[in-house]
Amino acid sequence: RHGFTLVELLVVIAIIGVLIGLLLPAVQQAREAARRMSCSNNVRQLSMATLNYESAYKVLPPGWNTHGTFWSAMILPQIEQSSLFSTLIFAESGMGNWDNPASPNYRACQTPISLFQCPSCPYLAPTNYNGIERRVPVSYRANGGSRVSSDDASTRTIVNTQSFEERNLDGAMFGCSKIRLRDFVDGLSRTVMFGESRTDPDFGKDGQGMDWWAFGGPQVDPCLCDGSSAGTEFTEAAGSMFMQPNTAVLTPAANGYLMEVAFGSFHIGGTMFGKADGSVIFVSDNTDIRVIRATGSRNGSESLDFDQ
């Protein structure tokens with residue numbers, strides 16, 4: 001009779017095991033490449049939607065306003081979400097509060113939209129947070145500037161930096177901002193408008209959570225947009241280019257407030273950013289901090305760019 005000996009069978013099993021061992025990393029890399037491409041497409045679409053908003057209203061949407069409404073709510077019609085936009089209440093009233101379960105604003109915060117979520121992020125499941133049940137996390141934030149190191153002036157740990165309470169920031173979108181494309185004197189292709197963020201609502205340090213959200217926030221309202229201490233948690237809508245992206249991973253000893261303002265991602269080796277001209281770039285974790293900060297400012301007269 002013809003058949004396999006035990007030795008032959010073991011050799012075949014060993015060969016199959018080696019092949020699987022070689023194949024699995026390649027499959028994982030291919031999947032991550034696809035996820036990174038999808039993330040890049042998300043950033044590009046958000047950038048183009050924001051530019052379309054500017055074309056219609058002659059100004060970029062604010063990072064957030066006095067009602068606690070984020071830029072992501074403002075551009076809903078530009079991303080084919082007019083039906084959701086029409087349900088929102090932009091008024092300081094009980095039904096307009098973001099943490100009122102009876103409000104359509106509350107329900108909007110429970111609505112997942114894939115365009116706001118990077119497929120590489122493992123922490124995008126709805127979660128109960130800041131008075132909103134099943135709140136949907138997002139992966140992208142507006143660039144608030146190159147000098148912000150904290151939400152509030154009272155929690156700044158680095159001298160000669162700014163907080164998101166202030167009005168004179170040098171980014172693309174921040175509190176009650178009214179930035180126009182002509183205000184990007186450094187050049188649209190040299191200034192970041194959006195950045196990916198390393199979302200993980202379960203991780204916290206120094207009382208700060210790495211949580212980013214869409215449409216609006218109950219803690220941001222009532223922001224007075226006058227430099228006062230009213231409102232907080234503005235980092236839910238915007239990040240800062242003051243810190244190296246992926247600070248939470250690269251510098252685990254850093255202060256939680258600095259981790260919170262920093263951009264970042266779950267991609268290997270870098271973070272996705274969208275420039276003000278609509279282009280998208282994957283920025284390496286090894287990029288010089290001077291370049292990071294230069295591209296975070298719209299009017300700092302810096303000549304540095306990511307390709308230098």
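Q: What is the torsion about the S-S bond of C176 and C225?
A: First, a heads-up: this is a predicted model, where local features need pLDDT of at least 70, side-chain atom pairs count only at pLDDT 80 or more, and totals for chains, interfaces and linings use all residues. Residues are numbered from 1 along each chain as its sequence is written, and side-chain values use heavy atoms, with hydrogens and water left out. The disulfide (a pair of cysteine sulfur atoms within 2.5 Å) of C176 and C225 is right-handed, because the torsion about its S-S bond is about 75°.

Q: How many residues apart in sequence are the parts that C176 and C225 tie together?
A: Start with the loops: C176 sits between β5 (162-163) and β6 (192-196), while C225 sits between β8 (208-210) and β9 (238-239). These labels come from DSSP runs numbered from the N terminus: helices are H or I of at least four residues, strands are E of at least two. The pair therefore links parts whose separation in sequence is 49 residues.

Q: What is the S to S distance in the disulfide of C176 and C225?
A: A search of the whole structure turns up one disulfide. Both C176 and C225 are buried (under 20% relative accessible area, with exposed meaning over 50% and partly exposed in between, for a 1.4 Å probe and protein chains only). The bond joining C176 to C225 has an S to S distance of 1.9 Å.

Q: Which cysteine has the sulfur closest to that of C118?
A: C118 is tucked away at 1% relative accessibility, so it counts as buried. Its closest cysteine sulfur is 3.7 Å off, which is too far for a bond. That neighbouring sulfur belongs to C39.

Q: Which residues have the most contacts inside the largest nonpolar core?
A: In soluble globular proteins, nonpolar side chains tend to be buried together. A nonpolar core here is a set of buried Ala, Val, Leu, Ile, Met, Phe, Trp, Tyr and Cys residues joined through side-chain atoms within 4.5 Å. The largest one has 55 residues, and the most contacts inside it are made by L46, W64, W71, F116, M193 and F215.

Q: Which element supplies the largest share of this core?
A: At least two core residues each come from α1 (6-57), α2 (71-74), α4 (104-108), β3 (140-143) and β6. The largest share is six residues, and the element behind it is α1.

Q: How many residues make up the second, separate core?
A: Its members include F263, V283, I292 and F306. The count for this second, separate core is eight residues.

Q: How much space lies in the largest pocket?
A: On a 1 Å grid over the protein atoms alone, a pocket is an open set of points with protein on both sides within 12 Å along at least five of seven lines, a cavity is a set where a 1.4 Å probe fits but cannot get out, and lining residues have an atom within 4 Å of a point. Points are joined across faces, edges and corners, and a volume is the space filled by probe spheres set on them. For the largest pocket, that space is about 160 Å³.

Q: Which residues lie nearest the centre of the largest pocket?
A: β7 (200-205) and α5 (247-250) each supply at least two residues of the lining. By class, the lining has nine nonpolar, two polar and two charged residues (nonpolar: Ala, Val, Leu, Ile, Met, Phe, Trp, Tyr, Cys and Pro; charged: Asp, Glu, Lys and Arg; polar: the others, Gly among them). Of the 13 lining residues, those nearest the centre are R198, D200, F203, M210 and A248.

Q: How much space lies in the largest cavity?
A: The structure holds one cavity of 30 Å³ or more. Its 13 lining residues have T111, V136, V138, A214 and F215 nearest the centre, and the lining splits into 10 nonpolar, two polar and one charged. The space in this largest cavity is about 70 Å³.

Q: What is the relative accessible area of R134?
A: R134 is found in strand β2 (residues 132-135). Its phi is positive, about 50°, although R134 is not a glycine. R134 counts as exposed because its relative accessible area is 52%.

Q: Which residue is joined to P222 by a cis peptide bond?
A: P222 lies in the loop between β8 and β9. With omega at about 10°, the cis peptide bond links P222 to D221.
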